[in-house]
Amino acid sequence: MSADKNASASHSSDLRAAVDRFIADGALDAASRRLSELWRRETGSATASFLVSRVEKIRDQLPLTKCKVAILRSFTVEPIMALLRAEAFTYRIDLEVYVGDFNTYVQDIVDASSSLYRFAPNAVVLAVRTEDVAPELTHRFADFAPEVARHAADRVVNSYVQWVDSFRQYSQAALIVHSLERPSRPSFGVLDSQSDTGQSGLIRHINSELRRVAGIHRGVYMLDYDALVARYGSEHWHDERKWLMARLPISADHLLPMAREWMRFLVPLSGRTAKALVVDLDNTLWGGIIGEDGMTGIKIGPEHPGAAFQSLQRALLDLSRRGILLAICSKNNLDDAMEALDKHPGMLLRSKDFASVRINWGDKSQNIREIAQELNIGTDSLAFLDDNPFEREQVRAALPEVTLIDLPQNPTEYAAIVRDCPVFERLVLSAEDQQRTAMYAGQRQRADAEHTFQSKEDFFRFLEQEAELSPVSDLTLARIAQLTQKTNQFNLTTRRYSEAQIAEMAKQPGWNIFSIRVRDRFGDHGVVGVAIAHDQGEQCEVDTFLLSCRVIGRTVETALLAHIAKSAAERGCKRLVGWFLPTKKNAPARDFYPQHQFELVEQNRDGSLWSFDLTRQEVAFPKWVKLVTLN
Amino acid sequence: MNPAVFDQIRMMASDLFGVPAERIRASSSPETLENWDSVQHLNLVLALEEKFGLQLSPEEIEQMKSVGDTAKLIETKLRSTPR
């Protein structure tokens with residue numbers, strides 16, 4: 001055992017002692033930071049167990065997002081649970097876990113009164129091994145006639161269809177279905193690959209059917225377990241002895257990868273995603289230092305050693321296609337850096353791909369704050385990528401809410417680390433996501449235009465805004481749910497809804513769900529706002545009212561309010577009422593009701609209730625906004 | 001006994017069984033540590049395999065009757081497997 005291992009052992013026992021001391025003193029923020037540090041230093045089962053036991057003591061007092069996940073399974077998953085909860089903690093998620101009994105997943109799903117549904121999960125994982133659901137397609141495959149095996153495959157698909165149907169009947173939780181794993185050593189050897197009806201072919205068929213089933217239900221997703229095992233290698237993933245001894249098929253080294261794969265779903269489901277990634281330049285986006293090595297010296301291109309950096313740039317480009325904004329924060333001379341960005345032939349990314357750029361010698365955490373302001377998002381929606389551990393620590397200390405991506409020494413690992421980071425996962429992709437960078441480029445032009453007008457009204461007229469108001473439809477459902485989950489600032493009640501919940505609400509009488517889409521002379525913003533109004537006799541209550549930050553302050557909010565007021569009056573309602581529920585983030589929406597002549601009726605700990613008399617007043621639709629209504 | 005290996009195992013046992021490290025001795029066993037049940041025994045095995053990069057056979061797992069026995073077993077395995 002080397003001396004530095006000893007040093008690290010004593011350091012980690014100090015960290016544990018520090019955690020307990022901070023908890024005893026009630027310094028929970030400090031305790032929580034030490035726990036995260038401990039987890040980074042010593043990621044593993046034993047540490048996870050320590051971490052979970054301490055989080056248990058303080059979780060109610062920390063600003064964590066709660067998420068209840070149920071794991072329905074046909075194998076031992078218990079040793080993964082502490083790892084899963086520890087990982088969740090690092091993404092500020094307080095995970096409560098329910099583990100179903102061995103192989104009782106069918107009863108759990110089809111029985112409306114089962115303990116699964118009593119647990120009221122937000123997400124359910126269905127993790128079933130191929131041999132438990134389809135014995136004819138595993139060890140004894142060679143004993144069966146081909147048509148028996150084909151029938152077995154059909155039976156498996158039908159069972160899943162029924163399970164998913166029942167599940168949707170009783171629960172609106174997200175459902176994550178593991179695909180079935182193919183055998184690494186098929187019964188017929190190489191012959192198995194020669195037809196579609198071999199073991200692999202039939203399991204592939206089941207998996208593609210499962211994907212189809214997931215696609216037609218809202219909030220049902222496939223976790224490609226077969227691909228996950230392949231990524232790590234079947235030989236390494238499995239541990240036959242543990243399977244026989246404890247019904248645990250996964251080796252000790254791969255329990256964490258299993259937990260992390262689940263997190264790729266649970267992080268976006270909990271709304272803990274990053275909206276933008278801030279990157280450094282030298283030795284991150286390219287090898288070397290532009291200010292010293294110059295255009296010919298930096299490493300970026302298709303050949304080693306520049307190839308590793310090109311792979312990272314490809315990964316970043318893929319993120320931007322997913323709707324994640326890119327920004328630069330680098331200590332450099334602006335001219336040197338811009339020349340490399342826009343002129344170097346090896347670069348895949350150019351300056352136009354970045355929604356915000358801070359190249360200067362200032363403090364990185366200050367620059368990151370400014371980037372967040374410019375992009376109109378909270379710093380907790382930012383991730384930061386920098387090769388320099390010193391810069392990372394400085395940012396970590398100043399802005400603990402920023403997701404930090406720790407890069408290893410070897411640049412060839414950079415791209416995979418970025419691709420594996422769960423804060424960038426999205427479970428649905430809207431047209432808005434795919435065009436986001438272009439929209440922000442338009443925004444920069446709009447901001448320039450604003451400076452040249454005499455009055456706000458002149459500017460609003462110049463914008464030629466068009467608001468398209470429409471009731472919820474299949475086309476907008478995903479986007480509406482996404483907006484309720486992601487919008488923090490201009491959001492009056494901050495109620496989060498899943499797609500399935502919105503779909504359910506739309507079916508109920510008295511619920512009116514509208515979305516607003518905005519276009520102007522610079523481009524299409526897409527669907528940027530949601531209002532949900534609930535009729536209760538003579539009064540209509542605004543359940544949800546929100547707008548994406550990029551259209552606030554241009555009277556679009558008034559247009560949306562005017563529309564729901566008018567439609568409530570048309571339905572015979574006499575009053576429009578609505579709560580403002582303050583959060584840390586929604587100050588921009590605080591004065592919205594009073595500004596529109598609503599009167600205060602009630603104020604309590606949670607917020608304030610406002611009312612508008614529809615029989616005597618109306619909310620004027622802004623005259624410079626052209627209204628388009630779709631039914 | 002190699003003190004570094006013993007200390008690491010003691011810390012793991014402390015994490016897994018929820019007992020302060022200084023209260024764990026070489027003689028600590030499922031009889032003396034309340035939380036050392038079959039579930040935590042499996043977790044200890046997995047934590048050892050993951051930490052030391054080795055695999056334990058069912059026979060070896062049987063031999064882990066105390067923290068001291070476990071440390072001796074791991075030391076022997078670390079000496080015999082070139083790393």
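**Figure 1. Buried residues of helix H24 of chain A.** In this predicted model, the buried residues of H24(A) are A:Val556, A:Glu557, A:Ala559, A:Leu560, A:Leu561, A:Ala562, A:His563, A:Ile564, A:Ala565 and A:Ala568. Helices (H or I, at least four residues) and strands (E, at least two) are DSSP runs numbered from the N terminus. H24(A) comprises 15 residues (556–570) and should span 21 Å at 1.5 Å a residue, which agrees with the 21 Å between its end C-alpha atoms; the expected span is 1.5 Å times one less than the number of residues. Just after H24(A), A:Gly572 adopts a positive phi of about 95°. Residues are numbered from 1 along each chain as its sequence is written, and chains are lettered from A and ligands numbered from 1 in the order in which they are written. As this is a predicted model, local features need pLDDT of at least 70 and side-chain atom pairs count only at pLDDT 80 or more, whereas totals for chains, interfaces and linings use all residues.

Figure 2. Just after H4(A), A:Arg92 takes a positive phi of about 60°.

**Figure 3. The contact between chains A and B.** Chain B contributes 21 residues to the contact and chain A contributes 20 residues, where two residues are in contact if their C-beta atoms, placed from the backbone, lie within 7 Å. On the side of chain B that touches chain A, helix H1 (3–17) and helix H2 (38–52) of chain B each supply at least two residues.

**Figure 4. Helix H8 of chain A.** H8(A) (residues 146–170) has 25 residues and reaches 37 Å from its first C-alpha to its last, close to the 36 Å expected at 1.5 Å a residue. Its buried residues include A:Tyr160, A:Trp163 and A:Phe167. Among the elements covering the buried residues of H8(A) are helix H9 (199–216) and strand S5 (220–223) of chain A.

Terms used:
A residue is buried if 20 or more other C-beta atoms lie within 10 Å of its own, exposed if 12 or fewer, and partly exposed in between; C-beta atoms are placed from the backbone.
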